[in-house]
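Thanks for coming, everyone. I have one structure to walk through this morning. Please have a look at it first.

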Amino acid sequence: MLLARESVFRSSYFSEFFLFMVLFLMIILFCSFGSVDLFSFYLFFEGRLVPTLFLILGWGYQPERLQAGIYLILYTLFASLPLLVGVIGVYNSSGLLCFFFLSDPCLSRVFFYFCMVFAFLVRIPLFLVHLWLPKAHVEAPISGSMILAGVLLKLGGYGLIRVMVFLVNFSFNLNFFWISISLLGGFLVRLVCLRQTDLKSLVAYSSVAHIGIVVCGIMTVNYWGFCGSYVLMIAHGLCSSGLFCLVNIVYERTGSRSLLVNRGLMCLIPRMSIWWFLLRSCNMAAPPSLNLLGEVVLFRSLVSWSWLTILMLGGLSFFGAAYTLYIYSYSQHGSFYSGIYSCSIFYVREFLLVFLHWFPLNLLILFRDVVSFWL
Amino acid sequence: MFISTMFKAVNTFKCRKFIKVKFVNLYKNACFCTNKSEVSSSYEPPKPENPFKRTFRILGNDMKTAKNKVQSFITKVQGVREVTNKVPKSPYRDGVFPEHCDIAIIGGGAMGSSIAYWLKQRAPNAITVTVIEKDPSVNQNIVSWGQYVDASTVLSVGGLRQQFSLEENIRMSLFGAEFLRNIKQHLSVEGHDPPDVQFTPFGYLCLASEEGAQQLEENANLQKKLGAKNELLTPVKLKQKFPWINTDGIALGCHGLENEGWFDPWSLLYAFKTKALSLGVEYVDGEAVGFEFKKMPDMLTEGVEPGSYEAVEKVLVKTESGELRSIKFGFVIIAAGPHSARVAKMARIGTGEGMLSIPLPVEPRKRYVFCINCKNGPGLNTPLTIDPSGAYFRREGLAGNYICGRSPLPEEEPSVDNLDVDYDFFDKNVWPILAKRVPAFESVKVKSAWSGYYEYNTYDENGIVGPHPYYTNLYIATGFSGHGIQHSPAVGRSVMEMILDGDFETIDLKRMSFDRLITDTPLIEQNIF
């Protein structure tokens with residue numbers, strides 16, 4: 001992501017601050033994933049908001065247009081305030097906050113369940129509370145988008161997995177609500193993807209679509225569900241982040257993010273077409289990608305939870321492939337009228353960037369047990 | 001569990017750390033793509049804002065807008081009529097200067113507005129179009145400087161004819177006529193009166209002497225083949241049809257029967273602009289003063305040394321308050337009329353090497369238009385008559401007024417410093433010819449006159465439409481040398497097709513591209529006046 005932000009260096013647009021922000025964010029994320037305590041997790045969970053905000057608003061394109069800042073703050077901050085209430089409730093009822101010892105159900109009220117779960121659902125994002133994601137992505141600079149898609153969303157999923165363990169007795173009764181919203185929402189968001197014309201917002205909505213199934217998997221509280229969502233989270237992090245890279249590469253060449261204007265890219269940047277194809281096929285879970293492993297496992301867990309989900313899952317897969325092929329075909333095929341005398345060869349830096357995104361995606365499926373059964 | 005999270009964290013972070021360690025340092029020292037963006041003119045690009053300050057400013061603005069929205073909602077609910085608007089109304093669509101757009105059009109006359117309209121009507125929400133016009137008209141509530149004071153569009157005589165010799169010109173005029181006939185369907189905006197260009201369909205009458213008769217006949221046949229309706233008239237028939245004419249020296253005349261006439265170009269421009277504004281085009285009142293370039297060493301272009309390619313990235317705009325802002329675009333279209341050569345020079349067209357060494361050969365040429373009054377002049381069905389010498393006249397209104405003019409000979413070209421009218425030109429060059437051709441014009445009175453600039457293409461007097469071969473994101477739509485207004489709908493549509501469809505779908509204008517200047521294949525029109 002630092003490589004992708006080469007244009008920042010080029011214009012010397014406060015590049016030291018940028019580097020500092022990115023490093024700061026990475027340290028916070030590292031700590032949040034590595035925290036053993038529920039409270040320290042909450043601290044870093046909230047803490048990552050500050051550098052993200054600076055990254056998006058300080059270096060973004062035109063954040064005033066969509067009020068991305070407000071959405072980001074309001075949505076995530078106010079949704080995670082109840083999380084603090086939940087954490088304190090857990091501490092009250094069980095006297096400790098360390099993850100390892102919190103495996104028994106220890107909360108006695110449904111209210112606490114909603115508190116704990118809601119924050120992660122907004123973060124992850126669930127269908128009805130996902131509006132902040134496209135706005136933030138469209139206005140964010142490329143590294144901001146990459147971190148956002150790659151890691152920050154997974155914070156929500158990670159938190160859910162952690163928290164589900166001791167919320168089990170409520171989840172059996174109430175999780176069907178989240179699963180049905182996710183499934184239906186995933187289907188609708190895929191339809192919305194077909195209508196998008198801004199490349200970045202298209203990838204953002206496809207993020208939401210993918211994470212829908214992840215949420216379902218976690219909510220089924222199966223072992224297979226947990227494994228599948230874990231795998232899919234890793235895969236999605238790589239895939240979405242890689243797609244944002246590609247969109248940025250196109251943006252740096254053509255100066256525009258509109259799908260209608262970026263056409264015939266196979267003529268303009270021939271060497272990039274293979275990466276578009278590989279990452280897009282990973283996105284729609286074509287073999288042999290890690291996405292496929294995740295989706296197969298998740299489908300199995302969902303169908304075992306209830307056979308009625310087959311209907312939605314079928315629609316989900318179909319439209320997922322539909323919008324993926326739509327973007328690929330529209331952007332790569334066709335002709336680019338004013339570029340008949342020129343074409344671009346790739347930078348090695350960009351090549352490396354995209355290669356490093358794709359490499360684990362298609363190769364980790366060979367190490368299935370390492371990746372998924374570590375839980 | 002902990003180890004799994006560690007693994008996941010490490011998995012995602014290891015790659016980035018690796019990249020950072022290995023390549024960022026290398027990059028800072030040795031990478032050949034560390035370079036600054038250059039500016040083409042003596043203007044300094046505006047300095048970027050400090051990100052921290054920017055963050056707080058944006059958050060502050062967002063809070064204010066949110067607060068205003070909430071307040072206005074509350075007052076609405078309470079039934080209080082809100083009189084004052086606390087936030088000052090900004091001239092820009094989103095309240096901020098548009099610093100990014102997908103397509104920037106330099107020049108907001110008929111061509112620029114037409115291109116903006118066609119682009120936006122095809123994709124209302126998918127692309128952002130910004131038009132930079134230095135001399136705008138009154139914009140709803142905001143009075144700005146000038147009212148298209150010296151734009152060629154509004155000073156044009158507004159003729160529409162198919163009597164050309166080039167197929168492209170004929171086709172474009174045919175489409176122009178069809179567009180104007182259906183203008184109410186194309187350009188109506190809800191809440192405004194439907195547009196009315198007052199198209200007067202009395203046709204053109206081109207007269208040819210003995211030398212030009214053969215050419216006129218060939219042209220007429222080509223036009224008929226492409227769908228125009230015209231009638232070739234011998235001197236006898238001419239005298240029958242138009243009794244006021246004096247057929248001395250005339251061998252043949254060609255009268256356009258349908259789809260030819262004249263209209264009000266100001267109404268057309270206004271209709272285009274209103275419709276474009278309603279579709280979401282942003283008109284920026286400012287003058288383009290330079291471009292910012294971006295070195296792209298990865299681009300391979302024909303005839304350019306690899307690694308030396310520089311693309312245009314941003315256009316520097318001087319707003320009416322004197323401020324210098326930049327607009328980043330995906331495509332830029334130069335439709336600046338007579339001043340296109342100056343804009344092209346800012347993009348190094350003409351001052352560079354290789355393909356950039358050929359300048360855009362469009363320059364302003366002043367043309368006079370005189371309004372005369374004659375008591376017993378030609379009647380109601382008079383077409384726009386063009387004498388073989390180039391002098392023309394047409395009826396204006398119903399009170400015996402006529403509009404006339406003539407292109408001066410190359411040695412008599414008036415200076416283009418201002419738009420002052422030289423009335424001697426009428427007495428010496430225009431009136432004798434008209435008086436000879438139309439005996440009734442022996443006694444005329446000059447009521448008024450004005451002048452305007454042709455965007456004169458000194459190479460072959462025909463428009464240049466298409467991308468510049470060097471730049472992948474720069475289009476040119478200018479140089480129409482006096483017959484641009486009738487081609488503006490067709491050119492707008494063609495530019496839209498080039499950008500959004502990747503090729504010409506309706507009228508093939510490949511021959512009119514900039515390439516012909518490099519390969520030295522002029523498109524000479526045998527019929528220009």
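**An enclosed strand and the sheet around it**

Let's start inside chain B. Five of the five residues of strand E2(B) are buried, so E2(B) is largely enclosed by the rest of the structure. Keep in mind that this is a predicted model.

Which way do the side chains of E2(B) point? Val129(B), Val131(B) and Glu133(B) go one way. Thr130(B) and Ile132(B) go the other way. Buried here is under 20% relative accessible area, and all of these residues are buried.

Now the neighbours. Strand E1(B), residues 103–106, pairs with E2(B), residues 129–133. The sense is parallel, over four bridges. Two partners to pick out on your screens: Ile105(B) has Val131(B) as its bridge partner, and Ile106(B) has Ile132(B).

How does the chain get from E1(B) to E2(B)? The path goes through helix H3(B), residues 110–122. This β-α-β crossover is right-handed.

E2(B) also joins E8(B) through four bridges, and those two strands run parallel. Look again at Val131(B): its bridge partner in E8(B) is Tyr283(B).

Back to E1(B). Ile103(B) and Ile105(B) point one way, Ala104(B) and Ile106(B) the other. All are buried. E1(B) is joined by four bridges to strand E12(B), residues 331–334, and the two run parallel. There, Ala104(B) stands opposite Val332(B).

Step back, and we have the sheet. It is open, with eight strands, and the order in chain B is E11-E10-E8-E2-E1-E12-E19-E18. The pairing is mixed. Which strands stand at the edges? They are E11, residues 324–328, and E18, residues 464–467, both of chain B. Each has a single partner strand, so one side of each is left without a neighbour in the sheet. From one strand to the next, the twist averages 30°.

For an antiparallel pair here, go to E8(B), residues 282–295, and E10(B), residues 310–319. They pair over nine bridges. Gly286(B) has Thr319(B) as its bridge partner in E10(B).

H12(B) touches E1, E12, E18 and strand E19, residues 474–478, of chain B. The direction of H12(B) makes about 15° with that of E18(B).

**One residue in that helix**

H12(B) covers residues 488–501, and Asp501(B) belongs to this helix. Is Asp501(B) buried or exposed? Its relative accessible area is 19%. The cut-off for buried is under 20%, so Asp501(B) counts as buried.

What does Asp501(B) touch, leaving aside neighbours within four places in sequence? The contacts are Arg263(A), Ser335(A), Arg122(B) and Met496(B).

**The other sheet**

Next, another open sheet in chain B, also with eight strands. The order is E5-E6-E4-E14-E15-E16-E13-E17, with mixed pairing. At the edges stand E5(B), residues 230–233, and E17(B), residues 445–457. Each has a single partner strand, so one side of each lacks a neighbour in the sheet. The twist averages 20° from one strand to the next.

Within it, E4(B), residues 204–208, and E6(B), residues 252–256, pair in the antiparallel sense. There are four bridges. Leu205(B) is partnered by His255(B) in E6(B).

Two helices to point out here. H7(B), residues 213–226, packs on the sheet and touches E4, E5 and E6 of chain B. Its direction makes about 25° with that of E6(B). H11(B), residues 423–437, also packs on the sheet. H11(B) touches E4, E13, E15, E16 and E17 of chain B, and its direction makes about 60° with that of E13(B).

**Over to chain A**

Last stop: a helix pair. Two packed helices are described by the angle and the distance between their axes. Take H9(A), residues 168–194, and H15(A), residues 309–332. Their axes come within 9 Å and cross at roughly 20°. That makes H9(A) roughly parallel to H15(A). The crossing is left-handed.

Which residues meet? From H9(A), the list includes Leu183(A), Leu184(A), Gly186(A), Phe187(A) and Arg190(A). From H15(A), among them are Met312(A), Gly315(A), Phe319(A), Tyr323(A) and Tyr326(A).

That's my tour. Over to you for questions.

Methods:
Residues numbered from 1 in each chain as written. Chains lettered and ligands numbered in written order. Predicted model: local features only at pLDDT ≥ 70, side-chain atom pairs only at ≥ 80, totals over all residues. Heavy atoms only, no water. Pairing = 2+ DSSP bridges. Axes fitted to C-alpha atoms, helices over the stretch in contact; angles between N-to-C directions. Contact = heavy atoms within 4.5 Å. Buried < 20%, exposed > 50% of the residue type's maximum accessible area, 1.4 Å probe, protein only. Right-handed = clockwise from strand over helix to strand, strands pointing away. Parallel < 35°, antiparallel > 145°, perpendicular 65-115°, else oblique. Left-handed = near helix turned anticlockwise from the far one by under 90°.
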